[in-house]
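Visitor: Please show me the model. I will ask about its details in turn.

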Amino acid sequence: MAGNAHSNVAARRSVEQAALAYMVTGFAVFLLMGLLGLLMRLQHAGLIDLGPRWFYRIMTLHGAGMVAGVLLASLGGVSQVITARIRLSPRLLWSAYVVYFLGSGLVVLATLVGGFAAGWTTTYPLPVRGDWPVSATWAFLLGYTLVAVAFLLWCLAVLVGARRAFGGLTSALAWPVLFRHPVGTGQPIPTGPELAATVVAIDGVIAVLAGVVYLVPIFAQLLGLVSGFDVLFAKNMLFLFGHTLVNLNIYLAVALVYATLGAYTGRAFKMSFPVALAFNLVIVLVLLPYFHHLYQDFAQPLPLHLVGQFGSYAVGVPAFFVTIVGSLGLLYGSRVRWSAPVIFILAGLWGWTVGGMAAVIDGTIAINNVMHNTLWVPAHFHSYYLFGAAGYTWAYLFHRLSGVEGWASSALARRLAWLYAIGAGGFVLAFFLSGLQSVPRRYAVHLPEWQGLAQAAVPFVLLLVIAFGGLLLMALRSVPAAWRLPVAEPTGDD
């Protein structure tokens, strides 16, 4: 028995160290990709001249790297939060980390060395029609494949662990709470983060399978086995994979809000019927909004456009009532301990709300026909990704490294957090105003008439650089101590 206990503690420690490696690596990747974003805004402002080829290489790497970095960090954070009761295999987590790292490395080589520049969405047939070497296309798509494989490994590990921890997948999805079934004595009920992780793992498997359906024909074409395939079907699979993956990242980050905010308010998210209902609805609803990226495809059947509009409206409802209203409920009337993580979460709630409303506007067919190819789209995307997915994840990372009373509650850390909120707000506002002026997206060169708002955005991006640079220096000093921390005791609460 003593040997088993020692082995379990060693496994938990290894999982927590892997989780920390995920988060710190993801944060570093996020900062590097942010600097590439600064270059793009300087280009649009007319302050530097990258040339179209380098602009599109950087645009491709910036988009792919941002998603990869934040997703990796979110996976690490959630692994840390749920490992107390959902036992994850440390060997599998470390294997996924290595595979993820190899995949990301191939993407970097494909863009910076090989010249791959089809955009991070890699919409077919661009990957096979570009003027870059075929080897670059191979490297980029193999890199995506490895990242997807690593994510799939994580999803499977969570599903296996959740099924074991709660005695079945339906219990892991809180169905006894949802359907008001009597819960046996000693039968565990999942917490909010555990339920969110299970939901993300289910949809993650579906998203990865869609990615496989998209990538296999392209590999077949590169090998000369087929001459081509249906472009519209390919685009559907691509966005079912990519759009869903990005949305799932947000729900992972939501799990980190549940795990963080209670420590600063003295209150905890409780599993309840609304929470169980919301996350079970998300399993289906998160798969539907991607159709709004195909409104411009006239060959797409009209009913699928209508599904996209319904999905774009409906997916935000559970998130709004459970996460945003729930978080504000925790904060209202509490003696909150103000610190950098709390400020990041508050900014994230604002950004997620604004970005979500902007997404609903863009998801309306009549408006989408006018706005979709403008900077309105990166505006709403950056709002709920920079503020929401990334902001929530960094809130948990800082909480993990600092604790409630540590450096993250210092006056300097709080000022840097507010600097981040101001910088991110000004940055996305310039995007929104550009979208309202119909400034097109994905253009390497902007006309002089379009450059004013990009120039206005640059100082706000520099504020982001200062804020994250300062927080990075403060956080790095805590990493060695966090690596050596003893294993946390399991808890049934959030």
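Visitor: Where is Pro125 found?
Guide: Helices here are DSSP runs (H or I, at least four residues; strands are E, at least two), numbered from the N terminus. By that numbering, Pro125 is found in the loop between H3 and H4.

Visitor: What ground rules apply to the model?
Guide: This is a predicted model, in which local features need pLDDT of at least 70, side-chain atom pairs count only at pLDDT 80 or more, and totals for chains, interfaces and linings use all residues. Residues are numbered from 1 along each chain as its sequence is written, and side-chain values use heavy atoms, with hydrogens and water left out.

Visitor: How many salt bridges does the structure hold?
Guide: A salt bridge is a side-chain nitrogen of Lys or Arg within 4 Å of a carboxyl oxygen of Asp or Glu. One of them joins Glu16 and Arg12, at 3.4 Å from N to O. The total is 5.

Visitor: Are Glu16 and Arg12 buried or exposed?
Guide: Both sit in helix H1 (residues 2-44), 4 residues apart, about one turn of the helix. Buried means under 20% relative accessible area, exposed over 50%, and partly exposed in between (1.4 Å probe, protein chains only). Glu16 and Arg12 are both buried.

Visitor: How many residues apart are Asp131 and Arg53?
Guide: Asp131 forms a salt bridge with Arg53, and the closest N and O atoms are 2.5 Å apart. The pair links distant parts of the chain: Asp131 is in the loop between helix H4 (126-129) and helix H5 (134-166), Arg53 is in helix H2 (residues 52-82), and the separation is 78 residues.

Visitor: Why does Asp131 count as exposed?
Guide: Exposed needs over 50%. Asp131 counts as exposed because its relative accessibility is 56%.

Visitor: Which parts does the pair Glu405 and Arg337 tie together?
Guide: The two form a salt bridge, with the closest N and O atoms 2.3 Å apart. Glu405 lies in the loop between helix H15 (376-402) and helix H16 (411-436), and Arg337 in the loop between helix H12 (316-331) and helix H13 (340-362), so the pair ties together parts 68 residues apart in sequence. Glu405 is exposed, at 59%. Arg337 counts as partly exposed, at 43%.

Visitor: Where does Ala174, with its positive phi, lie?
Guide: Phi of Ala174 is about 65°, although Ala174 is not a glycine. Ala174 is buried, with a relative accessible area of 0%. Its place is the loop between helix H6 (169-172) and helix H7 (175-178).

Visitor: What is the relative accessible area of Ser438?
Guide: Ser438 is a residue other than glycine with a positive phi, near 65°. Ser438 lies in the loop between H16 and helix H17 (451-476). Ser438 is partly exposed, with a relative accessible area of 43%.

Visitor: Which residues have the most contacts inside the largest nonpolar core?
Guide: A nonpolar core is a set of buried Ala, Val, Leu, Ile, Met, Phe, Trp, Tyr and Cys residues joined through side-chain atoms within 4.5 Å. The largest has 175 residues, and those with the most contacts inside it are Phe30, Trp154, Trp394 and Tyr420. The largest share of this core, 21 residues, comes from helix H9 (residues 231-265).

Visitor: What is Phe30 in contact with, leaving aside its neighbours within four places in sequence?
Guide: Contact means heavy atoms within 4.5 Å. With those neighbours left aside, the list for Phe30 is Met66, Val70, Leu386, Ala390, Trp394 and Phe468.

Visitor: How many aromatic pairs are there?
Guide: Rings of Phe, Tyr and Trp (its six-membered ring) pair if their centres lie within 6.5 Å; planes under 30 degrees apart count as stacked, over 60 as edge-to-face and the rest as tilted. By this rule the count is 34. Among them, Trp175 and Phe179 form an edge-to-face pair, 5.5 Å centre to centre with 80° between the planes.
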